[in-house]
Amino acid sequence: MSEFIKGSALPRSFYHTPTLDLAEALIGKVLVHLTDNGILAGEIVETEAYLGIRDRAAHSFNNRRTKRTEIMYGAPGHIYMYQMHTHHLLNIVSGEEENPEAILIRAIEPVAGRALMEENRPVQKAINLTNGPGKLTKALGITMAYYGASLMKSNVFISNGGSENPAVQTGPRIGIPNTKEAKDYPYRFWLQDNPYVSR
């Protein structure tokens, strides 16, 4: 998969897009991690958008600004990593500076380096390798060390190379029951009929 090299990272301009539009545009793109052991990559098949200060489900709701959320207030196209239980979750900073929005990469379909992914995250059923946000970062070897990294300048980036003109569906986000009206917002996007979508 020689096409997945650092020079193939999508340009900064790609991320200067309204968050909901960007969350949809990410479907069919490829998330890549260049490692010393090889290239790990997966087509993005599910995302969730979080619209910052007006979205009760967002970490930055009501303008919460903490050490953890600080990167969300920066320029789009950076990585916002956070830990939930034992899982590391990968988010793409979106929105303009000082407008703290982000998009969770929720599921991918492996396209390169599957054997190495299975070493990183052994599973009995192949479909369970990357069909969730904590699963995919473990499989790809993406850790908290990438917090704040640029998707244009680091070994983790997003490229073309997946589905062209993907059939995208939308619906409510998952796992946010205590967020009042925000739990019903149709801010989740997924590739229709793809088996790696988390639910």
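This report covers the aromatic contacts, pockets and salt bridges of the structure above.

The model is predicted: local features need pLDDT of at least 70, side-chain atom pairs count only at pLDDT 80 or more, and totals for chains, interfaces and linings use all residues. Residues are numbered from 1 along each chain as its sequence is written, and side-chain values use heavy atoms, with hydrogens and water left out.

**Aromatic contacts**

Four aromatic pairs are found in the whole structure. Rings of Phe, Tyr and Trp (its six-membered ring) pair if their centres lie within 6.5 Å; planes under 30 degrees apart count as stacked, over 60 as edge-to-face and the rest as tilted. Tyr 80 and Tyr 82 make a tilted pair, 5.5 Å centre to centre with 35 degrees between the planes. Tyr 80 also pairs edge-to-face with Tyr 147, at 6.3 Å centre to centre and 75 degrees between the planes. Tyr 80 lies in strand E3 (residues 79-84) and Tyr 147 in the loop between helix H4 (133-140) and strand E6 (156-159), so this pair ties together parts that are 67 residues apart in sequence. Helices (H or I, at least four residues) and strands (E, at least two) are DSSP runs, numbered from the N terminus.

Tyr 80, Tyr 82 and Tyr 147 form one aromatic cluster. Buried means under 20% relative accessible area, exposed over 50%, and partly exposed in between (1.4 Å probe, protein chains only). Tyr 80 is buried at 2%, Tyr 82 is buried at 8%, and Tyr 147 is partly exposed at 29%.

**Pockets**

A pocket is an open set of points on a 1 Å grid over the protein atoms alone, where a 1.4 Å probe fits, with protein on both sides within 12 Å along at least five of seven lines; lining residues have an atom within 4 Å of a point. Grid points are joined across faces, edges and corners, and a volume is the space filled by probe spheres set on the points.

The largest pocket has a volume of about 550 Å³. It is lined by 28 residues, of which Tyr 82, Met 84, Leu 89, Leu 104 and Arg 106 are the closest to its centre. Its lining divides into 14 nonpolar, 10 polar and four charged residues. Ala, Val, Leu, Ile, Met, Phe, Trp, Tyr, Cys and Pro count as nonpolar, Asp, Glu, Lys and Arg as charged, and the others, Gly among them, as polar.

The second largest pocket has a volume of about 170 Å³. H4 gives the most to its lining, with three residues. By class, this lining has one nonpolar, seven polar and two charged residues.

**Salt bridges**

The whole structure holds 10 salt bridges, each a side-chain nitrogen of Lys or Arg within 4 Å of a carboxyl oxygen of Asp or Glu. Three of them are tabulated.

| Salt bridge | N to O distance |
|---|---|
| Glu 48 and Arg 106 | 3.8 Å |
| Arg 173 and Asp 55 | 2.7 Å |
| Glu 70 and Arg 65 | 2.9 Å |

Glu 48 lies in strand E2 and Arg 106 in strand E5, so that pair ties together parts that are 58 residues apart in sequence. Both Glu 48 and Arg 106 are buried. Glu 46, Glu 48, Arg 106 and Arg 188 are linked in a network of salt bridges. Arg 173 and Asp 55 are buried too. In the remaining tabulated pair, Glu 70 is partly exposed at 36% relative accessibility, and Arg 65 is partly exposed at 41%.
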